[in-house]
Amino acid sequence: MLELKRKFRYLQRKSVYRLKRGIFMLQIENTIIGFVGTGVMGKSMAGHLLNAGFPLVVYSRTKDKAEELLAKGATWAASPKEVAEKANIIITIVGYPADVEEVYLGENGIIPNGKENTYVIDMTTSTPTLASKIYTEAKKKGIFALDAPVSGGDIGAKEGKLSIMVGGDKEVFLAMEPVFKHLGTNIVYQGKAGSGQHTKMCNQIAIASNMIGVCEAVVYAEKAGLNPDTVLKSISTGAAGSWSLSNLAPRMINGNFDPGFYIKHFIKDMNIALQEADAMGLETPGLALAKKMYSELAEIGEENSGTQALYKYWDR
């Protein structure tokens with residue numbers, strides 16, 4: 001614990017000279033982190049913070065999902081309001097933009113009940129517009145807000161190796177960077193409020209078309225009478241290589257369609273990206289095709305499967 005305090009203080013000193021406009025630097029001695037959303041990814045992320053020695057207050061709509069964290073020493077909160085009353089750093093990762101809006105701006109939400117100088121970090125994949133709205137409402141109350149969606153799935157969350165894309169004020173990002181380092185290894189400040197969410201849309205657009213290619217490659221290998229595992233040894237490290245090919249193709253081959261990332265949430269992300277692209281007058285045919293294919297799978301009951309279940313599209 002003593003070594004953690006020294007490390008945190010060093011990181012704070014390293015950033016403090018670049019901070020402006022009176023950003024309040026938190027000390028680990030009086031830092032309490034609130035975490036809202038303990039699902040597939042959130043549970044692992046919150047666990048890293050707890051293991052690092054931070055006092056942790058957690059809230060999830062389903063308390064059972066937080067039981068493992070509670071057993072390790074986290075404190076339960078009955079609502080986002082209670083989290084806001086107890087914590088001075090609050091991290092959220094929930095399902096949909098409507099959930100984000102309720103958690104932050106609802107009557108029992110974080111912003112109406114948060115304290116001045118609290119830091120709030122939404123790591124949900126949500127809309128850039130909502131991220132900007134939360135930033136504006138937070139600023140009115142002297143609360144510092146960042147949008148910081150992540151990529152890396154359940155594996156990245158478990159290993160603490162997420163990619164974190166951050167929007168908001170630069171000095172607030174610098175103040176929170178030591179916290180982000182417990183969750184990810186590729187942490188990049190992208191720009192003003194909403195920029196993190198726009199960057200996540202770029203990520204999801206790239207994944208959408210790539211997933212079609214990964215599935216087609218596996219299905220092709222099987223139809224050609226090849227051993228797909230052996231095929232992966234050749235193609236996963238060459239020009240065709242990608243995170244999805246290395247991590248999700250083996251799950252397809254082994255018939256493991258458990259969610260690292262739910263199809264229903266990927267459809268949500270693709271809808272946001274399509275709406276944002278349309279607003280910019282941008283055509284995204286690859287994204288549109290992937291969304292159509294995933295939607296067809298959701299209609300036949302695969303919405304709670306992992307995104308690698310796109311493989312089943314060829315078995316309909």
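1. The note starts with a pair of helices. In α14, Ile263, Phe266, Ile267, Met270, Asn271, Ala273 and Leu274 are in contact with Leu287, Ala288, Ala290, Lys291, Tyr294, Ser295, Leu297, Ala298 and Glu302 of α15. Contact means heavy atoms within 4.5 Å. Helices (H or I, at least four residues) and strands (E, at least two) are DSSP runs, numbered from the N terminus.

2. The model is predicted: local features need pLDDT of at least 70, side-chain atom pairs count only at pLDDT 80 or more, and totals for chains, interfaces and linings use all residues. Residues are numbered from 1 along each chain as its sequence is written, and side-chain values use heavy atoms, with hydrogens and water left out.

3. Two packed helices are described by the angle between their axes and the distance between the axes. For α14 and α15 the angle is about 145° and the axes are 10 Å apart. Axes are lines fitted to C-alpha atoms, for helices over the stretch in contact, and angles run from 0 to 180 degrees between N-to-C directions. The crossing of α14 and α15 is left-handed; that is, the near helix is turned anticlockwise from the far one by less than a right angle, whereas clockwise would be right-handed.

4. Which residues of α15 are buried? In this helix, residues 285–302, they are Leu287, Ala290, Met293, Tyr294, Ser295, Glu296, Leu297, Ala298 and Glu302. Buried means under 20% relative accessible area, exposed over 50%, and partly exposed in between (1.4 Å probe, protein chains only). The cover over these buried residues includes α10 (195–223) and α14 (263–279).

5. The helices α10 and α14 also pack on each other. Their axes come within 9 Å and cross at roughly 110°, and α10 and α14 are therefore roughly perpendicular. On this scale, angles under 35 degrees count as roughly parallel, over 145 as roughly antiparallel, 65 to 115 as roughly perpendicular and the rest as oblique. The crossing of α10 and α14 is left-handed. From α10, His198, Met201, Gln204, Ile205, Ile207 and Ala208 make the contact; from α14, Phe266, Asp269, Met270, Ile272, Ala273 and Glu276 do.

6. Asn271 belongs to α14. With a relative accessible area of 27%, Asn271 is partly exposed. Between Asn271 and Leu105 there are 166 residues of separation in sequence and 23 Å in space, C-alpha to C-alpha.

7. Next, the strands. Strand β8 (residues 162–167) has five of its six residues buried, so β8 is largely enclosed by the rest of the structure. Strand β7 (residues 150–151) is joined to β8 by two bridges, and the two run antiparallel. Two strands pair if DSSP finds at least two bridges between them. Val150 has Ile164 in β8 as its bridge partner.

8. On β9 (residues 184–191) the pairing with β8 is parallel, with six bridges. Ser163 is opposite Asn186 in β9. Between β8 and β9 the chain passes through helix α9 (residues 170–180), in a right-handed β-α-β crossover. Right-handed here means that, with the strands pointing away from the viewer, the path from the first strand over the helix to the second runs clockwise.

9. Two further residues deserve a line each. Asn117, in the loop between α6 (110–113) and β5 (119–122), has a positive phi of about 70° although it is not a glycine. Glu101 lies in helix α5 (residues 97–105) and, leaving aside neighbours within four places in sequence, is in contact with Gly106, Leu130 and Lys133.
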